[in-house]
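Hi there,

Have a look, and then read on for what turned up.

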Amino acid sequence: PQKVSLVFSSAYPNNPASMFGHTLLKVHSKRNSDLLDVGLNYAAVVPEDENPFSFFWFGVSGGYEGVWSIEPYYVKVQDYINFESRDLWEYEINLSIEEVRRLLSHIWEVEANSYSGYFFFDENCSYQILSTIEAIKPEWSLLTYHVYVIPGESVKFLKNEPNSIRSVNYRPSLFRKAMANYELIPV
């Protein structure tokens, strides 16, 4: 592992849990293909046949278990950009290699030795990612005085810290690319 990016995915209207977007971490390696990097995702474990009322109740009250998962980044890109037509923004976090390794060790330790409930509005994907970053960079105030933490706001919290972001990479969705090409067609 060489670098870490906070990845923000735009909203997905077909899934109420993703109506505010989603955040995950991308772990960059020495490879020259960023699609072969690793995606670290924090999400609720929800039964496939969950009814909408239970989904809302358990999501708001923390009735679901939140877990970290690891997938190749190309899988996340395929899911978000191609299947769900969601744009991705990758914010490379200004961390040293040692801090990157500590961050990954911290996630492994938390996942292996604890349990956390998943709350849609506050202790969600964004909260867990920001608290993990703040554990490595305690001088950054990412979670102070926030009643809720939603994905779009978490990007703002990170950007508000001076020198916290090295670079930004935008990946448009398949739909956005198609619409851009459509606009080029002469009338």
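In which loop is the place of Gly 62? Gly 62 sits in the loop between helix 1 (52-61) and strand 4. Please keep in mind that this is a predicted model. Gly 62 counts as buried because its relative accessibility is 15%, under the 20% cut-off. Setting aside residues up to four places away in sequence, Gly 62 touches Gly 117, Tyr 118 and Phe 119. Tyr 74 is 12 residues from Gly 62 along the chain, and 30 Å separates their C-alpha atoms.

The largest nonpolar core is made of 30 residues, and Val 4, Leu 6, Leu 25, Trp 68, Ile 93, Leu 103 and Ile 133 have the most contacts inside it. At least two residues of this core come from each of strand 1 (3-9), strand 2 (22-28), strand 3 (38-44), strand 4 (64-72), strand 5 (88-93), helix 3 (97-113), helix 4 (125-136) and helix 5 (151-159). Helix 4 contributes the most, with five residues.

Trp 68 deserves a look of its own. Leaving aside neighbours within four places in sequence, Trp 68 is in contact with Leu 25, Leu 40, Asn 41, Tyr 42, Ile 107, Glu 111, Gln 128, Ile 129 and Thr 132. There is also a second, separate core of seven residues, with Val 7, Val 77, Ile 81 and Leu 88 among them.

Next, helix 3. Its 17 residues reach 24 Å from first C-alpha to last, close to the 24 Å expected at 1.5 Å a residue. Which residues of helix 3 are buried? They are Glu 99, Val 100, Leu 103 and Ile 107. These residues lie on the same side of helix 3, because they cover an arc of only 105° around the axis. The cover over the buried residues of helix 3 includes strand 1, strand 2, strand 3, strand 4 and helix 4. On the face turned away from the buried side, helix 3 carries the exposed residues Trp 108 and Asn 113.

Best wishes

Conventions. Residues numbered from 1 in each chain as written. Predicted model: local features only at pLDDT ≥ 70, side-chain atom pairs only at ≥ 80, totals over all residues. Heavy atoms only, no water. Core = buried A, V, L, I, M, F, W, Y, C linked by side-chain atoms within 4.5 Å. Buried < 20%, exposed > 50% of the residue type's maximum accessible area, 1.4 Å probe, protein only. Helix = DSSP H or I, 4+ residues; strand = E, 2+ residues; numbered from the N terminus. Contact = heavy atoms within 4.5 Å. Expected span 1.5 Å × (residues − 1). Arc of directions from axis to C-beta.
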